[in-house]
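Keep the sequence at hand.

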Amino acid sequence: MPEAGIFAAGTVMPVTRPPIPDGAVLVENGRISAVGPLFVVSRNNPEVPVRHFPRSTIIPGAVNTHAHLGFRTKDAPPGGTFSGWLTKLIERLPEKESWTAEAARDSAREAVEAGTTFMAESSPYGECLPQLAESGMAGTVYAEFFPGDYEGSGPREVVDSIIQQVREINEGLPERVRARVSVHSAYTVDPESSRLAARRTREMGWTLAFHLSESPEEVEFVRDGTGGLADIFGSNGWGGSGVSPVRYAEGIEMLAPETIAAHLATGVGEEEIEVLARTGVAAAHCPRSNENLGCGISPVPRMLESGVRVGMGTDGLWSSPSMNLFEETLVAAGLHGFDGATALRLATLEGARALGVEGETGSLEAGKWADLAVVEVAPGGLDPELSTLEAAAGGGVVVTVAGGAVIYNRTEG
Ligand SMILES: [Zn+2]
């Protein structure tokens, strides 16, 4: 990577300010040091080489707030219902072991080629950390743990163990890749282990990932202790709490600004939105996965109005058709009636805010890492941000840059 370089394009969309025609981004030592019209940036930095894409638009790299890398499109369990899908997924876990690493590499590649520069990935015990670290993307791998795997251990031993494992896998990682803990869900992790994991990771200043209020079956399990998930896991001794998953999660101290809660697709009414806003928890919106698994539509506009931080997530390839976050966002724009600027912001800066990394990525601003995507797109149109998003969703990303390094370049064959 050269120490300094200028990326210039027909349009630069910083997201935090209006689009800049014939714009440029000056990158020094991996970070953005100036954004402005090309003639100004190049005049002030005459020695710095320029990569110029006159028929393209530069946007911030996509921030994927909820993904699983270890799945592949092939042999996905049939969708329709969440519990039906999960039953098949669990049946196939033994055969999956032989190809998880390859799937993770391919999924990460697909994300990079679609302009993703930051990813929050969740995998059992952080098994996909090597592939995220190799991909060139920045991000966090959330290590899921399952107390059922620890025969005879109590919550304290289980949580001690996962925290120790996550400390160990944090050794020797690239500067912008880290591992953290995920409490998988209300139906797989008991309340005491969940509460302890949330408390202890928060004390350490770690963020935490959680699947929350995803399916009608989860609502039924948490409230009544019955239904499709109870058929798989039993009532687990704690299903049937009498309240909604969001209320339940609040009661076990899972909801806080450090927590990213994925889905919130079902069972999220005004009362739950009030809880989400008050506790400061962030949401990852995965509309294609929700549609595929019969999980409903997350009330994202109401959450945003209430001040809840919301980012976009692709989920994994066994529930979702692609790792293209811009494609996911275009679906959200259609579902909720967002204009292009709102949608582009959700895919980038709002995702960074949801993950607490808005100081390092999510927009093109001096001081942040140079995380950007070059999108081939015809200029103009009524809604230039929407046209750019459509192009990026449809394979129009030609260059992806993370931390100033070109991690994908289709222009050089
Ligand atoms: Zn998920």
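A salt bridge here is a side-chain nitrogen of Lys or Arg within 4 Å of a carboxyl oxygen of Asp or Glu. Glu274 and Arg278 form one, at 2.8 Å from N to O. We return to this pair below.

This is a predicted model: local features need pLDDT of at least 70, side-chain atom pairs count only at pLDDT 80 or more, and totals for chains, interfaces and linings use all residues. Residues are numbered from 1 along each chain as its sequence is written, and side-chain values use heavy atoms, with hydrogens and water left out.

Start with the sheets. Helices (H or I, at least four residues) and strands (E, at least two) are DSSP runs, numbered from the N terminus. Two strands pair if DSSP finds at least two bridges between them. For angles, axes are lines fitted to C-alpha atoms, for helices over the stretch in contact, and values run from 0 to 180 degrees between N-to-C directions. Contact means heavy atoms within 4.5 Å.

Within this sheet, look at E10 (residues 259-263) and E11 (residues 282-285). They run parallel, joined by three bridges. Ala262 has Ala284 in E11 as its bridge partner.

Now the other sheet. This open sheet has seven strands in the order E3-E2-E1-E4-E13-E14-E15, with mixed pairing. E3 (31-37) and E15 each have a single partner strand, so one side of each is left without a neighbour in the sheet. E4 (residues 50-60) pairs with E13 in the antiparallel sense over five bridges. There, Ser56 stands opposite Glu376 in E13. Four bridges join E13 (residues 372-376) to E14, again antiparallel. E14 and E15 (residues 405-409) also pair in the antiparallel sense over four bridges. Two residues lie between the strands of this hairpin, and Gly403 takes a positive phi near 55 degrees.

How many of the six residues of E14 (residues 397-402) are buried? Six of the six are. Buried means under 20% relative accessible area, exposed over 50%, and partly exposed in between (1.4 Å probe, protein chains only). Helix H3 (residues 100-113) lies across E14 and E15, at about 100 degrees to E15.

Next, the charges. Where is Glu217 found? It sits in helix H7 (residues 216-224). Glu217 is buried yet has no salt bridge. Its nearest side chain of opposite charge, Arg223, is 11 Å away. Lys and Arg count as positive and Asp and Glu as negative; His and the chain ends are not counted. A polar atom of the Glu217 side chain lies 3.3 Å from the backbone nitrogen of Phe82.

The whole structure holds 22 salt bridges. Back to Glu274 and Arg278: both lie in helix H10 (residues 270-279), four residues apart, about one turn of the helix. Glu274 counts as partly exposed because its relative accessible area is 37%. Arg278 is partly exposed at 49%.

Arg288 and Glu328 form another salt bridge, with the closest N and O atoms 2.8 Å apart. This pair links distant parts of the chain, 40 residues apart: Arg288 is in helix H11 (residues 287-292), Glu328 in helix H13 (residues 325-336). Both Arg288 and Glu328 are buried. Elsewhere, salt bridges that share partners join Arg247, Glu250, Glu271, Glu274 and Arg278 into one network.

Notes: Polar contact = N/O pair within 3.5 Å; in protein donor to acceptor, adjacent residues only side chain to side chain.
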